[in-house]
Amino acid sequence: MKLLVTGGAGFIGSAFVRLTVNSTAHRVTVLDKLTYAGNLENLASVDGDERYRFVRGDIADPVLVNQLIGEEAPDAIVHFAAESHVDRSILSPEPVFHTNLAGSFTLLEAARRAKVARYVHVSTDEVYGSLDEPLEASEEFPLKASSPYSASKAGSDLLALSYFTTYKLPVLVTRASNNYGPYQFPEKLIPLMISNALEDKPLPIYGDGMQVRDWLYVDDHCRAILALLERGREGEVYNIGGSRSLPNLTVVKEILRITGKPESLLTRVTDRPGHDRRYALSSAKIERETGWKPEVPFEQGLVDTVNWYRTHADWVARVKSGAYRDYYDQNYSGRAISS
Ligand code: NAD
Ligand code: DAU
């Protein structure tokens, strides 16, 4: 197959491109704007492969998107590109709506016109909102968004499904839980805590730290998407979870244990506005229909991830320079709570 992968220079998109080029015969064209989160270093290992092409551009630019789809005639589109961070979406919602809503719309329209034969829209478990114990969201659960990020993902998720219902565009929607692994931008919990711990910096815990997330190793997520590209049913939604629900504080203490750093680095900060308490989802449908299951146990994945950040200090230093420092100050300064 010829794949058009949007957001392929980001964390999950680049893992998907590396896995696809290395383990399948598919050809991959990446369309990515290279925002603060996009990084060509993440794709260096496939650069030069004749089955890989990179195009820099905005998914919300209809001229570019129509031209690229006309030129490439992809058999399938896998749509990862997004503004993906909840805290940034709270500080500055406009880019979130530009990319996640207007961009997703532009891409769907171009795919419809070109009659693309397969379209995977990458959504998130955040669209189900916070769930009380012991609930686990199935794909039929109502959507309930709390942040500008999750509202934009819920909107684009429904828009994608409407293109199947209305225009018969062969869309599949995936809703994955929290990913972690190499090359994740250090604004998200796990890479931020690992890189701060390795630099002996404070680890900012929002509120009481008892919010629960379900952790999925990034390569397991990418294998799930490959399985759905081959065997998923059109018009369907598939949850993709890691089957490993943990409170944030447990995850961060485990990072301190692996890095050998003291718990005195833990710093309580004021909570995220509208913070969802608990995400939980059932992956029974994708497991039943495709045979996929998460393969990487959290303990192993976390040790591997810490090792990756330890051995990629140059990548981290480059990513954490410049605009990252401004973001960090904007999000964290003045929030420490003295206990
Ligand atoms: P990321 O922020 O690491 O990467 C996003 C990529 O999209 C970057 O390369 C960026 O340059 C690109 N991009 C942003 N705006 C663009 C635009 N207008 N045009 C073209 N490219 C643009 O994100 P991620 O964590 O890899 O997430 C990828 C997708 O997976 C997103 O759709 C996200 O909502 C979804 N998702 C993420 C998680 C998670 O835990 N990270 C979990 C479930 C679903
Ligand atoms: O659930 C899937 C979603 O997971 C994806 O759709 C999003 O793209 C991805 O960013 C992620 O959203 P979260 O808000 O759950 O991830 P984040 O890493 O920002 O935060 C995880 C938890 O850790 C959350 O409860 C907030 C908390 N946290 C986060 C940061 C950055 C802290 O306590 N301190 C922090 O500094």
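Strand β8 gives the most to the shell around ligand 2, putting in three residues. This is a predicted model, and the ligand site is a handy place to start reading it.

In all, 25 residues sit around ligand 2, and the ones that come nearest are Asp-125, Glu-126, Tyr-149, Arg-272 and Tyr-332.

Several polar pairs turn up between protein and ligand. Arg-272, already listed with the nearest residues, has a polar side-chain atom 2.7 Å from an oxygen atom of ligand 2. As for cover, ligand 2 has 680 Å² of accessible area on its own, and the protein covers 95% of that. Two or more residues of the shell come from each of α3 (86-91), α6 (189-198) and β8 (203-206).

Turning to helix packing, α1 (residues 11-23) and α7 (residues 218-231) have axes that come within 9 Å of each other and cross at roughly 60°. Angles from 65 to 115 degrees would count as roughly perpendicular and those under 35 as roughly parallel, so α1 is oblique to α7. The crossing of α1 past α7 is right-handed.

Notes:
Residues numbered from 1 in each chain as written. Chains lettered and ligands numbered in written order. Predicted model: local features only at pLDDT ≥ 70, side-chain atom pairs only at ≥ 80, totals over all residues. Heavy atoms only, no water. Near = heavy atom within 4 Å. Polar contact = N/O pair within 3.5 Å; in protein donor to acceptor, adjacent residues only side chain to side chain. Areas by Shrake-Rupley, 256 points an atom, 1.4 Å probe, with all protein chains shown as cover. Helix = DSSP H or I, 4+ residues; strand = E, 2+ residues; numbered from the N terminus. Axes fitted to C-alpha atoms, helices over the stretch in contact; angles between N-to-C directions. Parallel < 35°, antiparallel > 145°, perpendicular 65-115°, else oblique. Left-handed = near helix turned anticlockwise from the far one by under 90°.
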